[in-house]
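I opened the model today and kept notes as I went. The entries follow in the order of looking.

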Amino acid sequence: MPRRSHTLIVIIVLMLVALVARIIPGPRTIDDAFITFRYSRNIVEGIGFVYNPGVHTLGTTTPLFTLIMAAFGVVGGGAYPWYALTVSALADAISTALIFLIARKVTGRELVAIFPAALWAISPMSVTFAVGGMETSVVVLWLIVATYFYVVSEHKWRDIAMGLCAGLGVLTRVDSVLWIGPLLVWQLGESWITRRKLPLRTWSAAVLVVLPWMLFSLAYFGTAIPNSVTAKRFAYLIQPNAALGQLLQTYSNAFFQFDLLGSLGVMIGAVLILACTLFAFSYALRSERRMVPLLLYPWVYFAAFAVLNPQMFRWYNAPPLPALIVGVFVGLWALLRPLQKQRFALPLIAGGIGVLCVVTSLSGWTLTPDHGPNRPAPKMAWHAIELLYQQMGEHLRNDLGVTAETRVASGDIGAVGYFSRATIVDTVGLVTPELTRYYPINAALIVPGMNYAIPPQLIYDTQPDYLVTMEGFVRQGLAQQEAFNAEYALITEYPFDFYGAGMQLYQRQGD
């Protein structure tokens, strides 16, 4: 079989694996995704780029993904979870193919290149947020496409394509600057050293993509910085070095060894990942210098989040993983290169480690999830609380008759806001920036082991018609106060063992 045909078959198979791995689980939508969907739906329905009608607050961190979902909504109606899954599946399929081509270019070995691509295609981390409705897959796509053009392609439009990807990355999620920075700085150094030129085409393309949104955002919202960035920073009680600990766990368990091999697998994986990364850097600096920005990205990301120590939502762990996985296999190949003269040694060792990583990654899946569609899915694609919030939102709208004029307070606003269509009093402040003044909260109001409680004064001042809350968010605050219990009655409670004893719905008495 001609080499080109063989390569094409490999790429098609890898892309099909990525697509099937996302279609089979079906949508398992994460609460934050519903925030984006509500923005998109409001755009489609002519209400505007708003969460609550008439309130111009930029509460989504992903304007591009919001607009993509709105475009689908114009054409096909309101099936936003499936639109998000479709876009993410296609993005991951393309990323999978390009990861293969990047790794093959660097190592010269298709066998080695297949594994990082296949591992991203089936990674529970990748699939979870693709089926979860998040923008993560598109964030990764721009990184991988930009890297492909820089490392593999010799097309005359390469520099422009890199700039377009950089601009689209910023519009998809602002933390894309953590891969854009190393890439553009490295490109600048290379361009200046070799040609004494600035990469103006790349810079111009990036600016032309970002500038229209910046101008619109400043005019429409009064800022280009999503309000959710600062709101999340102040609303949650964050322990020192919490982000560092979570990133260490994620990086050392990149192949989900813990699910199959326990703590020993994580320790072995951590050593292997670190060693291979160092070998990858050494090889790239000698032979494939354009790979350095991609190899740097996971560690720039690690350092930035560890220092800033934000509230680490689980989807924050996903973007650097494909670059980390590529680095591991490039480093493994560099480590094993001396064995090339021994005919079967390199493919057997590299293939054996690759197969083991595939097996451990698959161990992060379950054939029979205990909630949601009864189809195979990653174990970490847990969305039981979102299903409960959906039930609460539908209860508000269908049984209690809330309308767009009804004011419903909630700390988690995604599914509740999307399905109830009520005006949301966001107690965290993602879409209600005026409420951030109630934070930081007295730590005595927060249940030990949790990181959030609803400020009592916020409820007294805003007087919502309903309050949706997890029991733990009010246990040591509102639930203990006579004024609250005199004004609000608990009318619905769903038992649940997450964030306390259940999900509760309070109604303001007399309403």
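**Entry 1: H7**

Helices (H or I, at least four residues) and strands (E, at least two) are DSSP runs, numbered from the N terminus.

I noted the ground rules here. This is a predicted model: local features need pLDDT of at least 70, side-chain atom pairs count only at pLDDT 80 or more, and totals for chains, interfaces and linings use all residues. Residues are numbered from 1 along each chain as its sequence is written, and side-chain values use heavy atoms, with hydrogens and water left out.

I then checked burial. H7 is mostly covered, with 14 of its 16 residues buried. Buried means under 20% relative accessible area, exposed over 50%, and partly exposed in between (1.4 Å probe, protein chains only).

**Entry 2: H8 and what covers it**

Is H8 enclosed or open? In H8, 11 of the 15 residues are buried, so the helix is largely enclosed by the rest of the structure. Among the buried ones I listed Arg158, Asp159, Cys165 and Thr172. The cover over the buried residues includes H3 (63-76), H7 (136-151), H9 (177-195) and H10.

**Entry 3: H8 against H10**

I looked at this pair next. H8 (residues 158-172) and H10 (residues 200-220) pack at about 30 degrees, and their axes are 7 Å apart. That makes H8 roughly parallel to H10. Axes are lines fitted to C-alpha atoms, for helices over the stretch in contact, and angles run from 0 to 180 degrees between N-to-C directions. Angles under 35 degrees count as roughly parallel, over 145 as roughly antiparallel, 65 to 115 as roughly perpendicular and the rest as oblique.

The crossing of H8 and H10 is right-handed (the near helix is turned clockwise from the far one by less than a right angle).

Which residues meet? From H8 they include Asp159, Met162, Ala166 and Val170, and from H10 they include Arg201, Ala205, Val209 and Trp213. Contact means heavy atoms within 4.5 Å. The residues of this contact of H8 with H10 divide into 12 nonpolar, 3 polar and 2 charged. Ala, Val, Leu, Ile, Met, Phe, Trp, Tyr, Cys and Pro count as nonpolar, Asp, Glu, Lys and Arg as charged, and the others, Gly among them, as polar.

**Entry 4: H5 against H16**

I moved to a second pair. The axes of H5 (residues 110-122) and H16 (residues 345-362) come within 10 Å and cross at roughly 5 degrees. H5 and H16 are therefore roughly parallel to each other. H5 contributes Leu111, Val112, Phe115, Leu119 and Ile122, while the H16 side includes Leu346, Ala350, Gly354 and Val358. By class, the contact of H5 with H16 has 12 nonpolar, 3 polar and no charged residues.

I searched the backbone. Most residues other than glycine have a negative phi, and most peptide bonds are trans.

The peptide bond from Tyr439 to Pro440 is cis, with omega near 0 degrees. Pro440 sits in the loop between E4 (423-426) and H19 (456-462).

Phe256 has a positive phi, near 55 degrees. Its place is the loop between H12 (242-252) and H13 (258-287). At 9% relative accessibility, Phe256 counts as buried.

Tyr499 also has a positive phi, near 55 degrees. Tyr499 is in the loop between E6 (488-495) and E7 (502-508). Its relative accessible area is 30%, so Tyr499 is partly exposed.

**Entry 5: single residues**

Where is Arg289? I found Arg289 in the loop between H13 and H14 (292-308). Arg289 is exposed, at 55% relative accessible area. Leaving aside neighbours within four places in sequence, Arg289 is in contact with Trp186 and Ala284. Arg289 and Val106 are 183 residues apart in sequence and 10.0 Å apart in space, C-alpha to C-alpha.

Gln246 lies in H12. At 24% relative accessibility, Gln246 counts as partly exposed. Leaving aside neighbours within four places in sequence, its contacts are Met312, Phe313, Arg314 and Asn317.
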